Amino acid sequence: MQNSFYREIINDHNLRPAHKREVPGANVEKRGVNPSCGDDITLQLRLEDGKIVDGGFVGDGCAISQASADIMLDLIIGKTQEEAERLSEIFRRMITGKVTDEEIEQLEEAGALIDVSHMPARVKCAVLGWHTLDAIAQGE
Amino acid sequence: MNRDIRADFPLIQERKDIAYLDSAATAQKPACVIQAEGDFYRKYNANPLRGLYELSQEATAAYENAREKVRAFLGAESTEEIIFTRNASESMNLIAYSYGSFLQAEDEILVSIVEHHSNFLPWQMAAERVGARIRFLECEADGSISEEAFRAQLNGRTRIVAMTQLSNVLGRAYPIQRFAQIAHEAGAIFVCDGAQSVPHLPVNVRELGVDFLAFSGHKMCGPMGIGVLYGRKELLEKMTPFLRGGEMIEYVTRDGATWAELPHKFEAGTVNAAGAAGLAAAIDYYNELGFEWIQAREEALSRTAMEALQAVPYLEMIGAEKAEDHHGIFTFTMEGVHPHDVAEILSSDGVCIRAGHHCAQPLMQHLGVRSTVRASIMFYNTEEEIHRLAESLRSVRGRMGYAE
């Protein structure tokens, strides 16, 4: 993580997460855990007619896991579940290094996490929130 | 000692950019060990214990010579008591599976809370199989376990006590000789995990009076993939094999089999003879350095580390206050920064440390920490590397966006 722009974004979302809170009236909730490193979050969403009207997360973990979840919520709140799923799929491809520049743009700030694709040990941290979102979509 | 120890280690010479402070996970290898492992394949490679031709006999001799080296190193009575495995984990599984078959429902196995998963999960399996119970011996916040606390957990149903001689998280050493004696008086056998102690302390199984002791070659500068189980002969003799297959039988028919003599009964299949030869070279290397020097050097480095780390703001050391109770292992947390972020920042400074639960989750739960950072030292480390660690740690919070 040598890129300081990227570092700043992660630090900012880690130290001052906008969405790390219980969501009033949440109607879905899912816990996501990385057993090997202990990142542990619970993602809460309030869905109305297939749209994510509010979302948040609680828990703890490393800066990347916390920042990534916060950035994800910035991106998906206000979007349909279907659209959120599409973005999540792009995000996970970005982390494994198979994505186009146009796709990265659609991810907005989450595109800054592309550096994680060079850090195999941190991939699980970066995708934890997104993986939990997918688990909700798949009704697991 | 007037000698450049670091010159013995090719990786240390090759990677002058890094400070390797993760020896509790695996030690670096001196050239003599790498050479010995390669020499086996270059000069003696044949399947040991099988062929009747000369080369195979030489391979057998190299392998059995390694067994004798281990016997002498541990002070065991006979090479029949030395079984080669892949690592300490496999050694523990062997005991838990095989000796564990003597357990009955309601029997108890006493394990300490500081155990590495490799000296806990096999016992959990052994207990589940017959409906036996696991009882935990808890440690104080500084990692210590008193004789009274130990006695209090023993009772008439305790059959096995499984305990490490040196914690891989806290670096604390335990009075195994005394505990083994007390366990025996209570009618239990004593299984000792020597994975961390054998590389750092002189260990004599007869003086300790333990019934079993396991360690891994790779943590004492030997190759990966070779481990040892010491077991008292009379116990090993009545145990059934753990793995079945080639070269561990006496006689096989359609209906059954009889087993080979010790130690071969427990060494099914083609063995890691090159690994054993490498371990023998590691033992020679240790004997050359001598434990007196090794311990003095590691104690001096530990004092430097304790002082340097305790001076780092926001760092909280886990376990004992005194450097001599850490045996080169320092586990800590840093306020406001997840251990994985600490590890990543240190990595970018070329400092190799470990972050996570160190395969000791029950201990982490007992101490009330989720995850920690661990720096571990070996005789080949330097004061300069320790200062590099401390300096890097001082920069962590700033780099994580905290304005100090």
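This is a predicted model: local features need pLDDT of at least 70, side-chain atom pairs count only at pLDDT 80 or more; totals for chains, interfaces and linings use all residues.
Trainee: Okay, which domains does chain B have?
Mentor: The assignment gives domain 1 (5–29 + 290–399) and domain 2 (33–287), with bounds that come from an automatic or database domain assignment. The C-alpha centres of domain 1 and domain 2 of chain B lie 27 Å apart.

Trainee: And how many residues does each of them give to the contact?
Mentor: Domain 1 of chain B gives 25 residues and domain 2 of chain B gives 28 residues, where two residues are in contact if their C-beta atoms, placed from the backbone, lie within 7 Å. On the side of domain 1 of chain B that touches domain 2, the elements giving two or more residues are α11 (291–310), β12 (329–334) and α13 (361–367) of chain B; helices (H or I, at least four residues) and strands (E, at least two) are DSSP runs, numbered from the N terminus.

Trainee: What classes of residue are on that side of domain 1?
Mentor: That side of domain 1 of chain B divides into 12 nonpolar, 8 polar and 5 charged residues. Here Ala, Val, Leu, Ile, Met, Phe, Trp, Tyr, Cys and Pro count as nonpolar, Asp, Glu, Lys and Arg as charged, and the others, Gly among them, as polar.

Trainee: I picked Arg303(B) in α11 of chain B. Why does Arg303(B) count as partly exposed?
Mentor: Arg303(B) counts as partly exposed because there are 14 C-beta neighbours inside 10 Å. A residue is buried if 20 or more other C-beta atoms lie within 10 Å of its own, exposed if 12 or fewer, and partly exposed in between.

Trainee: New topic: which residues touch the most other members in the largest nonpolar core?
Mentor: Those are Phe190(B) and Ala277(B), in a core of 161 residues, and such a core is a set of buried Ala, Val, Leu, Ile, Met, Phe, Trp, Tyr and Cys residues joined through C-beta atoms within 7 Å. Helix α10 (residues 273–289) of chain B gives the most to this core, with 10 residues, and the core draws at least three residues from each of domain 1 and domain 2 of chain B. Not counting residues up to four places away in sequence, Phe190(B) touches several residues, including Val161(B), Phe179(B) and Val210(B).

Trainee: What's the strand order in the open sheet of 7 strands in chain B?
Mentor: The order is β2-β8-β7-β6-β5-β3-β4, with mixed pairing, and two strands pair if DSSP finds at least two bridges between them. The edge strands are β2 (82–85) and β4 (133–137) of chain B, each of which pairs on one side only.

Trainee: Which pairs could I look at in it?
Mentor: One of them is β5 (residues 158–164) with β6 (residues 189–193) of chain B, parallel over 5 bridges, where Ala162(B) stands opposite Val191(B). Another is β2(B) with β8 (residues 227–231) of chain B, antiparallel over 4 bridges, where Ile83(B) stands opposite Leu229(B).

Trainee: Which way do the residues of β2(B) point, and are they buried or exposed?
Mentor: Ile82(B) and Phe84(B) point one way from β2(B), Ile83(B) and Thr85(B) point the other way, and all are buried.

Trainee: What about the open sheet of 3 strands in chain A?
Mentor: That sheet has the order β1-β2-β3 with antiparallel pairing, and its edge strands are β1 (28–34) and β3 (51–60) of chain A. In chain A, β1 is joined to β2 (residues 39–48) by 7 bridges, and Asn34(A) has Asp39(A) as its bridge partner.

Trainee: Last one: how many residues are in contact between the two chains?
Mentor: In that contact, 11 residues of chain B meet 12 residues of chain A. Helix α12 (residues 339–348) of chain B gives the most to chain B's side, with 4 residues, and by class that side has 1 nonpolar, 7 polar and 3 charged residues. Helix α12(B) is mostly covered, with 8 of its 10 residues buried.

Definitions and conventions
Residues are numbered from 1 along each chain as its sequence is written. Chains are lettered from A and ligands numbered from 1 in the order in which they are written.
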